[in-house]
Amino acid sequence: MTTPSRNSPPETSPPETSPPRNSRRRFLATALSTTLGAGLGAATLTACASSDDSVPAVGPANSLPPTSVQPPGGPGPEAEPPVANGNEALQRLVEGNRRFTENHLHHVDEGTERRIAVSKSQHPFATVLGCVDSRVPIELVFDRGLGDLVVVRSAGGVLDQSVTGSLEFGVAELHTPLLMVLGHQRCGAVDATMKALDSKHTDAEGQIGYLVEALAPAVRQVTGKPGDRLANAVHANVDLVLAQLRKSPVLGPLEKTGKVKLVGAYYELDTGKVIIS
Ligand SMILES: [Zn+2]
């Protein structure tokens with residue numbers, strides 16, 4: 001999340017025609033300020049929530065401060081237009097993953113110029129739930145950079161209140177028109193759950209047992225089915241997570257009204273490819 005900044009401009013009152021979702025963002029910021037007072041917590045969350053709709057689309061060409069802060073080496077790459085909907089956001093991810101797998105990385109939206117451009121506001125175009133696996137860093141596999149993606153990661157993509165709330169935050173408050181749930185090949189968390197269930201040792205120490213409990217339905221669902229059991233369980237878990245997210249009172253209605261597109265996907269460690277479900 002964004003580091004709180006004392007230089008962040010105060011939010012201005014929206015015009016009467018402001019869309020409901022912007023009002024909702026302001027409501028969140030106001031509610032948090034009221035609840036938490038003027039302390040650091042409220043300031044931090046307000047800063048995180050800011051997508052500053054009054055600022056034009058993110059991009060070096062239209063959101064850079066004066067030229068004196070431009071890095072040496074001349075102007076940066078052309079600004080990308082904002083995505084119009086979930087399909088365009090998904091296409092942007094697919095294209096980035098193709099660059100990744102073909103080793104033609106553009107390192108989109110990285111570097112000093114981009115950092116400065118998004119320092120006061122953000123307009124990410126997709127929210128992605130992935131696994132904590134060290135081999136599946138979300139921005140890297142999609143060749144994206146600063147300010148592009150809201151990334152939430154948990155082992156096996158397990159949902160809990162914080163994970164679900166963070167995904168809702170990305171969609172409802174930061175207005176990403178796409179929410180992707182990304183499973184992956186040879187997921188250790190799902191594999192560990194399979195082994196725990198097979199050995200009937202599901203009482204893992206700490207909170208790992210929570211993960212096993214959350215992933216168990218997907219493993220049980222594919223037991224006895226043909227094909228690779230682990231891959232089947234990962235796919236089943238992606239579907240179950242999507243089904244749970246659709247029950248969210250925040251995400252469900254937004255999907256029904258076309259404000260957000262929910263998709264499942266599977267990352268192949270062997271090829272680097274993300275396969276959309
Ligand atoms: Zn994993």
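Author: Axes here are lines fitted to C-alpha atoms, for helices over the stretch in contact, with angles running from 0 to 180 degrees between N-to-C directions. This is a predicted model in which local features need pLDDT of at least 70, side-chain atom pairs count only at pLDDT 80 or more, and totals for chains, interfaces and linings use all residues. Residues are numbered from 1 along each chain as its sequence is written, and side-chain values use heavy atoms, leaving out hydrogens and water.

Reader: Why is H9 called oblique to H10?

Author: The axes of H9 (residues 208-222) and H10 (residues 229-246) cross at roughly 125° and come within 8 Å. Angles under 35 degrees count as roughly parallel, over 145 as roughly antiparallel, 65 to 115 as roughly perpendicular and the rest as oblique, so H9 is oblique to H10.

Reader: Thanks! What makes Arg-114 and Asp-148 a salt bridge?

Author: A salt bridge needs a side-chain nitrogen of Lys or Arg within 4 Å of a carboxyl oxygen of Asp or Glu. For Arg-114 and Asp-148 the N to O value is 2.9 Å, and therefore the pair qualifies.

Reader: And how do you know whether Arg-114 is buried or exposed?

Author: Buried means under 20% relative accessible area, exposed over 50%, and partly exposed in between (1.4 Å probe, protein chains only). Arg-114 has 4%, so Arg-114 is buried; Asp-148, at 3%, counts as buried too.

Reader: What makes Asp-191 partly exposed?

Author: Its relative accessibility is 22%, so Asp-191 counts as partly exposed.

Terms used: Helix = DSSP H or I, 4+ residues; strand = E, 2+ residues; numbered from the N terminus.
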